[in-house]
Amino acid sequence: MSENIAQDKSEEVVGGEGSLTKSAAKKEAKRLEKELKLAAKLAKNTVATAAGGEKKAKEKKEKKAEDAPFVNTTPKGHKKDMTQPMASGYDPIAVESAWYEWWEAQGFFSPQMQADGSPKPEGTFVVTFPPPNVTGSLHIGHALTVALQDALVRWNRMLGKTTLFLPGFDHAGISTQSVVEKRLFKSSGRTRHDLGREKFLETVWTWKDEYYKRIESQMKRLGGSFDWDRVAFTMNDQLSKAVMENFCSLFEQGILYRANRLVNWCVRLNTSLSNIELDDKQLTGKTYLSVPGYDPKEKFVFGVLTSFAYPIEGSDEKIIIATTRPETMLGDTAIAVHPDDKRYTHLHGKFAVHPFIPGRRLPIVTDDIAVDMEFGTGAVKITPAHSHEDYEIGKRHNLEFINILNDDGTMNENAGEQFKGMKRFHARVKVVEMLKDAGLYVEEKDNPMNVPICSKSDDIIEPVMKPQWWVNCKPLAEEAIKRTKAGELIINPKQSEAEWYRWLEGVHDWCISRQLWWGHRCPAYFVQIEGKEADPSDTKNWVVGRTLEEATARAKELAKGAKFTMEQDEDVLDTWFSSGLWPFSTLGWPDKSNDMRHFYPTSLLETGWDILFFWVARMVMLGLRHTGQMPFKEVFCHAMIRDAHGRKMSKSLGNVIDPVDVIQGISLEALHDKLNEGNLDQKEILKAKQGQKKDFPKGIPQCGTDALRFALCAYTTGGRDISLEILRVEGYRRFCNKIFNATKFAMLKLDETFVPLPTAKPTGKESLVEKWVLHKLNFAAAKVNEYMTDRDFMNTTNTIYNFWLYELCDVYIEAMKPMTDESASEETRRSAQNTLYTCLDHGLRLLHPFMPFVTEELWQRLPRRPNDSTPSIMLAAFPVHDDAFVSEKAEGDFDLVFKAIRTGRSLSAQFNLQSNIQLFVLAQSDAEVSLFESQRQTMVALTKGCKSVTIARSSSDIPAGCGSEVISPSVAVHILVRGQVDLDVEIAKCDKKLSVAELEVKKLQKVMSQADYETTVPESVRSANDEKLKTLEAEIHNLVSSKEMFGKMK
């Protein structure tokens, strides 16, 4: 239908009742045809945008009528009224209204079971949606997750399987508590401690309820076909029961234990953190940084290596060491040297003296694991209680572990009286000053390094010793590796699989304690037996219980009749400890529920590659431990979405995009206003506004859900990053517009008397172009199913896009016009209509998983085949390969015809002819002549401005004054140009083309004349070369003839 995507026209919603008269219908058809052809100029530009490389076509600005805003009048849960005439143009807000509520009310999202309650024989497809955090609202990365997963779910549902797409939410302990604390302080100046634990938790629950609804609304707006009757929340009763079972079961199996070990401590949030909650700030050398909790104007030095000397006990000798954290020297308990380093052999077994802490002696130990005698001075200070590396050395040498930090980041009494109560980075400055005063300071050098930062508070992380609950991950990881290698889990893309094994093989124990109030409180109780000293860091002094009664019974057994007290651990559990149970806790585990029996293991876990280890690995380890099965059969890792400049999405950069803003559009001013709703300070808000102004100077255009989903899937190539451009999404909005207008136009060709045949299978009486388009439809269906099976979303969307645009709209809908006009026979018209119906019906079904709303809207307007009562396109059968549609001969024949059509178009453009175009096709075989004779009407219809097409058997039948082009050794296309072109220019063009063609012939002949050509070159290549040579020779003959002809015309 013209060349490509139709430009958005007036978006008026047509009201009124009744059908169009025959006269009105003709007028409407002409209006639509004119509109669609006018749209051609935008189409190739959109394709270029989607392909990401071709030049952008200029768009003509059009005045649009001021339309009244769309108002949805469909009662909630009711089906939209499809008896009203279609709107004059595509309006995504109007098209996407009402359908979701109707789908939900009809129960289409619930698993379709057999009469006995079991899944259908076609199989199951189960996805538990990765639960978004209840900390705000969804961003564009969540939209990608919904788009990919829902496309797979809808596809499998249409394949006849029992599907379950289970939604839910994560309480996100540290993230949610951090956000609520910031908001509380910003609004009232109070802290959680001012409120107390109970009142603060009430505040968090209120926050959760508010944002839970907001996120649920976004998930629905994105079209996710979730079974909302099964919606889960990590802190609801059933999932909390699962968390308690997880903790107690692992404790009882000896996998979970308590120990005083190093953790990542965030001073600002006053809690330990997992590695995933940390960011690495890369420094190239000396850098001054601000630190939360200090005066913003105050900056501290990072990225330097400070060298100083320790005095050796009983001598004037000193030993020089270096550190990036001078303040930690207050916790030093040893100095390590390499046993083979002869510089320090005489110091083995001796002591250094701490210059600031009286009485502290530092043994000089030898260690060939941690010490590189070629690096620096070859001597290393050891701070076991504040360094992950030194912790291991301390254990090996049984060193003293001295903690020098309070939880609030101030120095404690172990740091010495001079430093007690001083903030850690003030202590850093003071230590350097005192070293200089003592004559022990040596030097400072730039040192490239990574500084660990809390991703929630931007605070500098401190390794500190804390008694915490830990999970021994090694046996769990070993089982995960074994079962993955056995083929029980598929991980895509494959690069992620290699990383999967590396991480599991090097796994460390997992600290699951968090010093928070929001979350699952540890079901562990410290038992203090009267008259006995008990170490709170020792597992044997603790009991666990699924209930208080169970814990009390175990405490009594531990006390052996003595009096005791029980105190529950104040800490809560790491959020990953509960979300690690997600694929089975959401289905009813630890109970033996029907959902566990029918839907576990799940089919797929689709998520970002960045949490493959922190979440996916834990689900696998815990799933195998508790259920004996892999929790899912496949893991698909999607890319990280970045902005158009390749930057990570960040609120402070102003490039975080709410998918609803893309769906319905938003002004720049409204984008600015939304920044004030968050926790950014004024400086960050100003920076974010500047970023928004640069990226979205006119705001974000209204694109609609379907365009957004399709674009995100088209972006998914298997790579690690997606640089999202909103203009590309807007391009797919025009694709929606093209589909809408093409279907509307096509519907006018299906008159009121049209009733589809009972089956889509061809009758055998179809014309060539019908056979061709049905063959292309079948090919598209086969490829889409193949690509979806391979999770190749980019090629899937490209295949559907190409069928709709280049095969259905650009070719068949144009070619069928003569077959459906009044001069055509009834048989011809009905055949063309049935082929059109099949293409629309199946084309919309192919598109539905990606564009659920516009496909439902248009499919509901199509008539139904006899005895077809399918209520919704989402329940219609998905097109699959069907041998009845295969017609390779028709494909080859029409491809040759279409090649001639394209050549005719090209010649028209080359000679700047726009009307009264006369084409001549020179064909040399009877079969080709017959083929082109039968398709003259189609060729005229598909060549804009074409007056006639004549088929010639001999060059003598071609009139003088024609330009031409060869399309095969036996076929050439000529166009009459006499009196319409500059002859000298055309002769020069012929000379240029002749030079190129003759050079190509020489190159090819040189290759083909090689002595070993026949024996070393594959037959397929030799055949292609023979064909190419024949075509070039025919082209040269044609160019010589054309040149002679133009010469005679002068």
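Trainee: Is N398 buried or exposed?

Mentor: N398 is exposed, with a relative accessible area of 71%. Buried means under 20% relative accessible area, exposed over 50%, and partly exposed in between, with a 1.4 Å probe and protein chains only. Keep in mind that this is a predicted model, where local features need pLDDT of at least 70, side-chain atom pairs count only at pLDDT 80 or more, and totals for chains, interfaces and linings use all residues. Residues are numbered from 1 along each chain as its sequence is written, and side-chain values use heavy atoms, with hydrogens and water left out.

Trainee: Okay. Where does N398 lie?

Mentor: In the loop between α10 (388-397) and α11 (424-437). Helices (H or I, at least four residues) and strands (E, at least two) are DSSP runs, numbered from the N terminus. Phi of N398 is near 55 degrees, a positive value in a residue other than glycine. Most residues other than glycine have a negative phi.

Trainee: What about A172, buried or exposed?

Mentor: A172 is buried, at a relative accessible area of 4%. Its phi is positive too, near 50 degrees, and A172 lies in the loop between β3 (168-169) and α6 (173-188).

Trainee: Switching to peptide bonds, what is the one from W589 to P590?

Mentor: It's cis, with omega near 15 degrees. P590 sits in the loop between α16 (582-585) and α17 (594-599). Another cis peptide bond joins Y600 and P601, with omega about 0 degrees; P601 is in the loop between α17 and β26 (602-608). Most peptide bonds are trans.

Trainee: Now sheets. In what order do β22, β23 and β24 come?

Mentor: The order is β23-β22-β24, in an open sheet of 3 strands with antiparallel pairing. Two strands pair if DSSP finds at least two bridges between them. β23 (542-544) and β24 (564-568) are at the edges with a single partner strand each, so one side of each has no neighbour in the sheet. Neighbouring strands here are turned by 35 degrees against each other on average, direction ignored. Axes are lines fitted to C-alpha atoms, for helices over the stretch in contact, and angles run from 0 to 180 degrees between N-to-C directions.

Trainee: Which helix packs on that sheet?

Mentor: Helix α14 (residues 548-559) does, touching β22, β23 and β24, and its direction makes about 140 degrees with that of β24. Contact means heavy atoms within 4.5 Å.

Trainee: How many bridges join β22 to β23?

Mentor: 3 bridges, with β22 covering residues 524-529. A524, for instance, has V544 in β23 as its bridge partner.

Trainee: And β18, how many of its residues are buried?

Mentor: 9 of its 10 residues are buried; the strand covers residues 462-471. It pairs with β5 (residues 256-266) in the antiparallel sense over 10 bridges, and N264 has P463 in β18 as its bridge partner.

Trainee: Which strands does β12 bridge to?

Mentor: 4 bridges join β12 to β15 (residues 379-382), running antiparallel, and 3 bridges join β12 to β14 (residues 361-366), running parallel. A334 has I382 in β15 as its bridge partner, while V337 stands opposite T366 in β14.

Trainee: Which way do the β12 side chains point?

Mentor: A334 and A336 point one way from β12 (residues 334-337), I335 and V337 the other way, and all are buried.

Trainee: Why is helix α27 called largely enclosed?

Mentor: Because 8 of the 8 residues of α27 (residues 852-859) are buried, it is largely enclosed by the rest of the structure. Among them are F853, E856, E857 and W859.

Trainee: One more residue: what does E965 touch?

Mentor: Not counting residues up to four places away in sequence, E965 touches T903, S906, L907, A972, V973 and N1038. E965 is in strand β32 (residues 962-968) and is partly exposed, at a relative accessible area of 31%.
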